[in-house]
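User: Could you walk me through reading the packing in a new model? I would like the general idea each time, and then the case at hand.

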Amino acid sequence: MFMRMVSRVLTFSFNGFPAIVTDCVKILHHEDKNKKLDRTIHAEQNALLYAGRDAKDCHAYIVGKPVCNTCAIMLIQAGIRRVVAAPPLLDSDKNWDKRGRLALTMFKQAGVEFTPIDEAKHKELIEKYDLPQKKTKKQKKTALAEQETCC
Ligand SMILES: [Zn+2]
């Protein structure tokens, strides 16, 4: 994710564990996904922490999953003017899509402009910035087997 004020990139960020917490492969690829999620800060939150008060009136460009409701709250509170991101699926019962729809509702109420990234543009951004693609379960197990465990 990055934000732009006029034509300047203010910050670029990604999901991950806090800076001084070890990215333990065992936890990153654990079958219980909550073990990873409970330790992860979202890219939007990370970017807002780095941007501080400079985030006000910026545009947020987010690549990956739709913006969740928690990040939407923080983006609104920080004064972000426009969000460009993948839209949630409207007919899905998946938790992420439900949270994404709540985020869109809050953006509308707060007057934050939301611009959906179309699928082709989304893939273009992932390739341009060499962002990680979602790994299959087989790829995750292979990565886990190849790396040393730290815990
Ligand atoms: Zn989020």
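Predicted model: local features only at pLDDT ≥ 70, side-chain atom pairs only at ≥ 80, totals over all residues.

User: Let us begin with the core. Which residues have the most contacts inside the largest nonpolar core?

Analyst: The largest nonpolar core holds 21 residues, and those with the most contacts inside it are Ile62, Val67, Ala72, Leu75, Ile80 and Val83. Two or more residues each come from helix H3 (43–51), helix H4 (69–78), strand E4 (82–85) and helix H5 (95–110).

User: What does valine 83 touch, leaving out residues up to four places away in sequence?

Analyst: Its partners are Ala60, Ile62, Val67, Leu75, Phe107, Val112 and Phe114.

User: Now the helix pair. At what angle do the axes of H4 and H5 cross?

Analyst: They cross at roughly 20° and come within 8 Å. Angles under 35 degrees count as roughly parallel, so H4 is roughly parallel to H5. The crossing is right-handed.

User: Which residues meet there, in H4 and in H5?

Analyst: H4 brings Asn69, Ala72, Ile73 and Ile76, while H5 brings Arg99, Leu102, Ala103, Met106, Phe107 and Ala110. By type, the residues of this contact are eight nonpolar, one polar and one charged.

User: Last, the loop residue. Why does serine 13 count as buried?

Analyst: A residue is buried if 20 or more other C-beta atoms lie within 10 Å of its own. Serine 13 has 20 such neighbours, so it counts as buried. Serine 13 sits in the loop between strand E2 (8–12) and helix H1 (25–28).

User: How far apart are serine 13 and asparagine 46?

Analyst: In sequence they are 33 residues apart, and in space 6.1 Å, C-alpha to C-alpha.

Conventions: Residues numbered from 1 in each chain as written. Core = buried A, V, L, I, M, F, W, Y, C linked by C-beta atoms within 7 Å. Buried ≥ 20, exposed ≤ 12 C-beta atoms within 10 Å, placed from the backbone. Helix = DSSP H or I, 4+ residues; strand = E, 2+ residues; numbered from the N terminus. Contact = placed C-beta atoms within 7 Å. Axes fitted to C-alpha atoms, helices over the stretch in contact; angles between N-to-C directions. Parallel < 35°, antiparallel > 145°, perpendicular 65-115°, else oblique. Left-handed = near helix turned anticlockwise from the far one by under 90°. Nonpolar A, V, L, I, M, F, W, Y, C, P; charged D, E, K, R; others polar.
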